[in-house]
Amino acid sequence: MEVMIVSSSDEVAQVAADILRDMLLHKPACVLGLATGSTPIALYGELVHRYQQGEISLREVQTFNLDEYLGLQPKSRLSYRRFMSEHLFAHTDIEADNIHFPECAAEQDPRTVGPGYEWAISNAGGIDLQVLGIGANGHIGFNEPSSSLGSRTRVKALAPRTLQDNSKLLRDDETQPEMAITMGIGTIMDARRILLLATGEHKAAAVAGAVEGAISAMHPASVLQAHQRVRVIVDEAAASQLQLREYYQWVRRKNDSIASQHGGSADDDPWFHKTVEDLD
Ligand code: PGA
(Lines give C-alpha, C1' and ligand atoms only; values in the text may rest on other atoms or scores of the structure.)
Protein backbone atom coordinates (compact mmCIF):
# COMPACT_ATOMS: atom_id res chain seq x y z
CA MET A 1 0.00 0.00 0.00
CA GLU A 2 1.30 3.43 -0.89
CA VAL A 3 -0.19 6.14 1.29
CA MET A 4 -0.05 9.65 -0.15
CA ILE A 5 -0.97 12.42 2.27
CA VAL A 6 -1.60 15.75 0.60
CA SER A 7 -2.56 19.12 1.99
CA SER A 8 -6.14 19.54 0.75
CA SER A 9 -9.09 17.85 -0.92
CA ASP A 10 -8.25 19.79 -4.10
CA GLU A 11 -4.81 18.25 -4.10
CA VAL A 12 -6.33 14.77 -3.67
CA ALA A 13 -8.26 15.44 -6.90
CA GLN A 14 -5.14 16.75 -8.70
CA VAL A 15 -2.94 13.82 -7.71
CA ALA A 16 -5.66 11.30 -8.58
CA ALA A 17 -6.24 13.05 -11.94
CA ASP A 18 -2.50 12.83 -12.67
CA ILE A 19 -2.61 9.07 -12.05
CA LEU A 20 -5.67 8.63 -14.29
CA ARG A 21 -4.05 10.78 -16.99
CA ASP A 22 -0.95 8.57 -16.83
CA MET A 23 -3.15 5.47 -17.08
CA LEU A 24 -4.91 6.91 -20.14
CA LEU A 25 -1.59 7.81 -21.79
CA HIS A 26 -0.08 4.44 -20.93
CA LYS A 27 -3.11 2.47 -22.20
CA PRO A 28 -5.67 4.58 -24.11
CA ALA A 29 -8.10 1.62 -24.31
CA CYS A 30 -7.93 0.95 -20.59
CA VAL A 31 -10.79 -0.35 -18.45
CA LEU A 32 -11.64 1.94 -15.53
CA GLY A 33 -13.67 1.05 -12.46
CA LEU A 34 -15.40 4.19 -11.18
CA ALA A 35 -17.03 5.31 -7.96
CA THR A 36 -19.78 7.76 -7.11
CA GLY A 37 -20.22 9.79 -3.92
CA SER A 38 -19.04 13.23 -2.90
CA THR A 39 -15.35 12.29 -2.75
CA PRO A 40 -14.60 11.77 -6.47
CA ILE A 41 -16.61 14.78 -7.70
CA ALA A 42 -13.55 17.05 -7.72
CA LEU A 43 -11.53 14.36 -9.51
CA TYR A 44 -14.17 14.10 -12.24
CA GLY A 45 -14.25 17.90 -12.54
CA GLU A 46 -10.49 17.88 -13.02
CA LEU A 47 -10.71 15.13 -15.66
CA VAL A 48 -13.35 17.12 -17.55
CA HIS A 49 -11.06 20.15 -17.41
CA ARG A 50 -8.13 18.12 -18.73
CA TYR A 51 -10.31 16.67 -21.50
CA GLN A 52 -11.33 20.21 -22.50
CA GLN A 53 -7.66 21.22 -22.57
CA GLY A 54 -6.93 18.31 -24.94
CA GLU A 55 -4.73 16.58 -22.37
CA ILE A 56 -6.76 13.35 -22.18
CA SER A 57 -9.34 11.42 -24.18
CA LEU A 58 -11.78 8.73 -23.04
CA ARG A 59 -12.71 7.69 -26.59
CA GLU A 60 -11.38 4.15 -26.25
CA VAL A 61 -11.98 3.70 -22.53
CA GLN A 62 -14.49 1.28 -21.05
CA THR A 63 -15.93 2.05 -17.63
CA PHE A 64 -17.58 -0.13 -15.00
CA ASN A 65 -19.17 1.65 -12.08
CA LEU A 66 -18.99 0.02 -8.69
CA ASP A 67 -22.67 0.05 -7.91
CA GLU A 68 -26.18 1.20 -8.70
CA TYR A 69 -29.30 1.52 -6.57
CA LEU A 70 -32.07 -0.98 -6.99
CA GLY A 71 -35.71 -0.06 -7.54
CA LEU A 72 -35.32 3.56 -8.67
CA GLN A 73 -37.80 5.18 -11.00
CA PRO A 74 -36.41 5.47 -14.56
CA LYS A 75 -34.32 8.66 -14.89
CA SER A 76 -34.29 9.16 -11.11
CA ARG A 77 -32.04 11.98 -9.93
CA LEU A 78 -30.56 9.53 -7.45
CA SER A 79 -29.27 7.08 -10.05
CA TYR A 80 -25.54 6.65 -10.28
CA ARG A 81 -25.75 6.56 -14.07
CA ARG A 82 -27.15 10.06 -13.93
CA PHE A 83 -24.51 11.15 -11.40
CA MET A 84 -21.70 9.94 -13.65
CA SER A 85 -23.24 11.54 -16.71
CA GLU A 86 -23.54 14.90 -14.93
CA HIS A 87 -20.09 14.88 -13.39
CA LEU A 88 -18.03 13.20 -16.10
CA PHE A 89 -19.38 11.27 -19.06
CA ALA A 90 -21.55 13.93 -20.75
CA HIS A 91 -18.59 16.32 -20.85
CA THR A 92 -16.11 13.93 -22.49
CA ASP A 93 -15.74 11.87 -25.66
CA ILE A 94 -16.53 8.50 -24.02
CA GLU A 95 -18.68 6.20 -26.17
CA ALA A 96 -22.10 5.45 -24.63
CA ASP A 97 -21.72 1.73 -25.36
CA ASN A 98 -18.53 1.61 -23.30
CA ILE A 99 -20.25 2.75 -20.09
CA HIS A 100 -21.44 0.01 -17.74
CA PHE A 101 -23.48 -0.07 -14.53
CA PRO A 102 -24.80 -3.06 -12.56
CA GLU A 103 -28.36 -2.04 -13.41
CA CYS A 104 -31.49 -4.12 -13.15
CA ALA A 105 -34.05 -3.82 -15.96
CA ALA A 106 -37.74 -3.38 -14.97
CA GLU A 107 -38.80 -7.01 -15.16
CA GLN A 108 -35.42 -8.56 -14.41
CA ASP A 109 -34.69 -10.64 -11.32
CA PRO A 110 -32.00 -8.52 -9.61
CA ARG A 111 -30.18 -11.67 -8.54
CA THR A 112 -29.29 -12.35 -12.18
CA VAL A 113 -27.50 -9.00 -12.70
CA GLY A 114 -24.29 -9.88 -10.86
CA PRO A 115 -23.05 -12.78 -12.98
CA GLY A 116 -23.72 -10.80 -16.19
CA TYR A 117 -21.74 -7.84 -14.83
CA GLU A 118 -18.84 -10.06 -13.83
CA TRP A 119 -18.86 -11.55 -17.32
CA ALA A 120 -18.84 -8.08 -18.94
CA ILE A 121 -15.86 -6.97 -16.81
CA SER A 122 -13.94 -10.08 -17.66
CA ASN A 123 -14.90 -9.85 -21.35
CA ALA A 124 -13.51 -6.27 -21.40
CA GLY A 125 -10.18 -7.67 -20.16
CA GLY A 126 -10.57 -6.89 -16.45
CA ILE A 127 -10.29 -3.56 -14.67
CA ASP A 128 -6.95 -1.78 -15.13
CA LEU A 129 -7.60 0.88 -12.52
CA GLN A 130 -10.35 1.00 -9.92
CA VAL A 131 -11.24 4.28 -8.20
CA LEU A 132 -12.73 3.87 -4.71
CA GLY A 133 -14.14 6.07 -1.99
CA ILE A 134 -14.62 4.72 1.52
CA GLY A 135 -17.73 4.80 3.69
CA ALA A 136 -17.50 6.02 7.28
CA ASN A 137 -18.19 2.38 8.22
CA GLY A 138 -15.32 1.14 6.06
CA HIS A 139 -17.45 -0.01 3.13
CA ILE A 140 -16.11 -0.04 -0.42
CA GLY A 141 -18.74 -0.02 -3.13
CA PHE A 142 -21.81 -1.06 -1.15
CA ASN A 143 -19.93 -3.91 0.51
CA GLU A 144 -21.11 -3.21 4.01
CA PRO A 145 -19.41 -4.56 7.15
CA SER A 146 -19.69 -8.38 7.28
CA SER A 147 -19.59 -8.70 3.46
CA SER A 148 -17.58 -11.70 2.36
CA LEU A 149 -14.05 -10.69 1.43
CA GLY A 150 -14.42 -12.94 -1.62
CA SER A 151 -17.85 -11.63 -2.70
CA ARG A 152 -18.76 -10.95 -6.33
CA THR A 153 -21.29 -8.52 -7.84
CA ARG A 154 -24.65 -9.03 -6.15
CA VAL A 155 -27.62 -7.42 -4.42
CA LYS A 156 -26.87 -5.85 -1.03
CA ALA A 157 -29.16 -4.29 1.54
CA LEU A 158 -27.59 -1.07 2.81
CA ALA A 159 -26.34 -0.74 6.37
CA PRO A 160 -28.03 1.69 8.83
CA ARG A 161 -24.95 3.97 8.83
CA THR A 162 -24.96 4.17 5.03
CA LEU A 163 -28.70 4.91 4.96
CA GLN A 164 -28.12 7.66 7.52
CA ASP A 165 -25.19 9.18 5.57
CA ASN A 166 -27.07 9.03 2.24
CA SER A 167 -30.31 10.43 3.64
CA LYS A 168 -28.67 13.87 3.83
CA LEU A 169 -28.69 13.99 0.01
CA LEU A 170 -32.42 13.28 -0.35
CA ARG A 171 -35.10 15.81 -1.17
CA ASP A 172 -38.40 15.74 0.72
CA ASP A 173 -40.30 14.09 -2.14
CA GLU A 174 -37.71 11.35 -2.68
CA THR A 175 -37.79 7.84 -1.23
CA GLN A 176 -34.52 6.49 -0.04
CA PRO A 177 -33.23 3.43 -1.91
CA GLU A 178 -32.45 0.69 0.60
CA MET A 179 -30.83 -1.83 -1.71
CA ALA A 180 -28.19 -1.74 -4.39
CA ILE A 181 -26.29 -3.98 -6.75
CA THR A 182 -22.59 -3.68 -6.06
CA MET A 183 -19.36 -5.16 -7.29
CA GLY A 184 -18.15 -7.58 -4.65
CA ILE A 185 -14.98 -7.28 -2.64
CA GLY A 186 -13.51 -10.11 -4.71
CA THR A 187 -14.44 -8.19 -7.89
CA ILE A 188 -12.68 -5.07 -6.59
CA MET A 189 -9.62 -7.08 -5.56
CA ASP A 190 -9.31 -8.41 -9.13
CA ALA A 191 -8.60 -4.89 -10.43
CA ARG A 192 -4.94 -4.52 -11.43
CA ARG A 193 -4.57 -1.17 -9.68
CA ILE A 194 -6.67 0.49 -7.00
CA LEU A 195 -6.88 4.13 -6.01
CA LEU A 196 -8.64 4.80 -2.70
CA LEU A 197 -9.57 8.44 -2.11
CA ALA A 198 -10.71 9.97 1.16
CA THR A 199 -11.09 13.53 2.37
CA GLY A 200 -12.23 15.13 5.61
CA GLU A 201 -12.01 14.31 9.26
CA HIS A 202 -15.23 12.24 9.20
CA LYS A 203 -13.26 9.65 7.20
CA ALA A 204 -10.20 9.56 9.47
CA ALA A 205 -11.26 6.49 11.51
CA ALA A 206 -12.33 4.59 8.38
CA VAL A 207 -8.99 5.35 6.70
CA ALA A 208 -7.00 4.29 9.76
CA GLY A 209 -8.96 1.02 9.88
CA ALA A 210 -8.34 0.42 6.17
CA VAL A 211 -4.61 1.13 6.23
CA GLU A 212 -3.51 0.10 9.73
CA GLY A 213 -6.31 -2.03 11.17
CA ALA A 214 -6.65 -5.81 11.12
CA ILE A 215 -7.99 -7.28 7.88
CA SER A 216 -11.59 -8.06 8.66
CA ALA A 217 -14.98 -8.35 6.98
CA MET A 218 -16.14 -5.91 9.67
CA HIS A 219 -14.05 -3.23 7.94
CA PRO A 220 -14.22 -4.15 4.25
CA ALA A 221 -11.63 -1.61 3.02
CA SER A 222 -8.99 -3.30 5.19
CA VAL A 223 -8.83 -6.12 2.63
CA LEU A 224 -6.97 -3.70 0.33
CA GLN A 225 -3.88 -4.37 2.47
CA ALA A 226 -3.70 -7.71 0.64
CA HIS A 227 -3.69 -6.12 -2.85
CA GLN A 228 -0.43 -5.63 -4.75
CA ARG A 229 -0.99 -2.17 -6.16
CA VAL A 230 -3.06 0.18 -4.03
CA ARG A 231 -2.52 3.90 -3.71
CA VAL A 232 -4.38 5.63 -0.91
CA ILE A 233 -4.66 9.37 -1.46
CA VAL A 234 -5.91 11.34 1.52
CA ASP A 235 -5.90 14.90 2.73
CA GLU A 236 -4.44 15.83 6.13
CA ALA A 237 -7.83 15.60 7.84
CA ALA A 238 -8.57 12.08 6.56
CA ALA A 239 -5.01 11.06 7.50
CA SER A 240 -5.26 12.45 11.02
CA GLN A 241 -5.74 9.07 12.76
CA LEU A 242 -2.94 7.26 10.91
CA GLN A 243 -0.21 6.23 13.34
CA LEU A 244 2.53 6.05 10.70
CA ARG A 245 1.70 9.37 9.05
CA GLU A 246 5.28 10.63 9.07
CA TYR A 247 6.66 7.36 7.80
CA TYR A 248 4.32 7.43 4.76
CA GLN A 249 5.51 10.94 3.94
CA TRP A 250 9.14 9.92 4.28
CA VAL A 251 8.61 6.89 2.01
CA ARG A 252 7.01 9.15 -0.58
CA ARG A 253 9.99 11.54 -0.53
CA LYS A 254 12.33 8.57 -0.99
CA ASN A 255 10.31 7.20 -3.92
CA ASP A 256 10.15 10.65 -5.52
CA SER A 257 13.93 10.91 -5.31
CA ILE A 258 14.28 7.61 -7.20
CA ALA A 259 11.81 8.85 -9.83
CA SER A 260 13.77 12.08 -10.28
CA GLN A 261 17.04 10.15 -10.77
CA HIS A 262 15.70 7.42 -13.04
CA GLY A 263 12.85 9.02 -14.96
CA GLY A 264 9.41 10.12 -13.89
CA SER A 265 7.14 9.24 -16.82
CA ALA A 266 4.19 6.84 -16.56
CA ASP A 267 6.17 4.18 -18.38
CA ASP A 268 8.91 4.36 -15.73
CA ASP A 269 6.42 4.10 -12.89
CA PRO A 270 6.24 0.60 -11.38
CA TRP A 271 2.52 1.23 -10.80
CA PHE A 272 2.09 0.80 -14.57
CA HIS A 273 4.59 -2.00 -15.11
CA LYS A 274 3.15 -5.21 -16.39
CA THR A 275 2.75 -8.06 -13.96
CA VAL A 276 1.66 -11.61 -14.57
CA GLU A 277 -2.02 -10.63 -14.20
CA ASP A 278 -1.72 -8.21 -17.12
CA LEU A 279 -0.91 -11.17 -19.34
CA ASP A 280 -4.11 -13.10 -18.52
P1 PGA B 1 -18.66 9.76 -0.09
O2 PGA B 1 -19.03 8.21 -0.07
O3 PGA B 1 -17.63 9.93 -1.15
O4 PGA B 1 -19.94 10.44 -0.46
O5 PGA B 1 -18.17 10.10 1.26
C6 PGA B 1 -18.01 7.26 -0.13
C7 PGA B 1 -18.61 5.88 0.02
O8 PGA B 1 -19.62 5.75 0.72
O9 PGA B 1 -18.05 4.94 -0.55
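User: Which residues surround the ligand?
Analyst: The model is predicted. The ligand is surrounded by Gly37, Ser38, Thr39, Gly133, Ile134, Gly135, His139 and Lys203.

User: What is the distance from an oxygen atom of the ligand to the side chain of Thr39?
Analyst: A polar contact requires N or O atoms within 3.5 Å. A backbone N or O atom of Ser38 lies 2.8 Å from a ligand oxygen, and a polar side-chain atom of His139 lies 2.6 Å from a ligand oxygen. For an N or O atom in the side chain of Thr39, the distance to a ligand oxygen is 2.5 Å.

User: How much of the accessible area of the ligand does the protein cover?
Analyst: The space taken by the ligand is the largest pocket. On its own, the ligand has 280 Å² of accessible area. The protein covers 76%.

User: Is Cys104 buried or exposed, or partly exposed?
Analyst: Buried means under 20% relative accessible area, and exposed means over 50%. Cys30 is at 0%, so Cys30 is buried. Cys104 is at 27% and therefore counts as partly exposed.

User: How many disulfides does the structure hold?
Analyst: A disulfide needs two cysteine sulfur atoms within 2.5 Å. The number of disulfides in the structure is 0.

Key:
Residues are numbered from 1 along each chain as its sequence is written. This is a predicted model: local features need pLDDT of at least 70, side-chain atom pairs count only at pLDDT 80 or more; totals for chains, interfaces and linings use all residues. Side-chain values use heavy atoms; hydrogens and water are left out. Buried means under 20% relative accessible area, exposed over 50%, partly exposed in between (1.4 Å probe, protein chains only). A residue is near a molecule or strand if one of its heavy atoms lies within 4 Å of it. A polar contact is a pair of N or O atoms within 3.5 Å; within protein, one must be able to donate a hydrogen and the other to accept it, and residues adjacent in sequence count only if both atoms are side-chain atoms. Accessible areas come from the Shrake-Rupley method with a 1.4 Å probe; for residues, only the protein chains shown count as cover. On a 1 Å grid over the protein atoms alone, a cavity is a set of points where a 1.4 Å probe fits but cannot get out, and a pocket is an open set with protein on both sides within 12 Å along at least five of seven lines; lining residues have an atom within 4 Å of a point. A molecule sits in a cavity or pocket if more than half of its atoms lie within 2 Å of its grid points.
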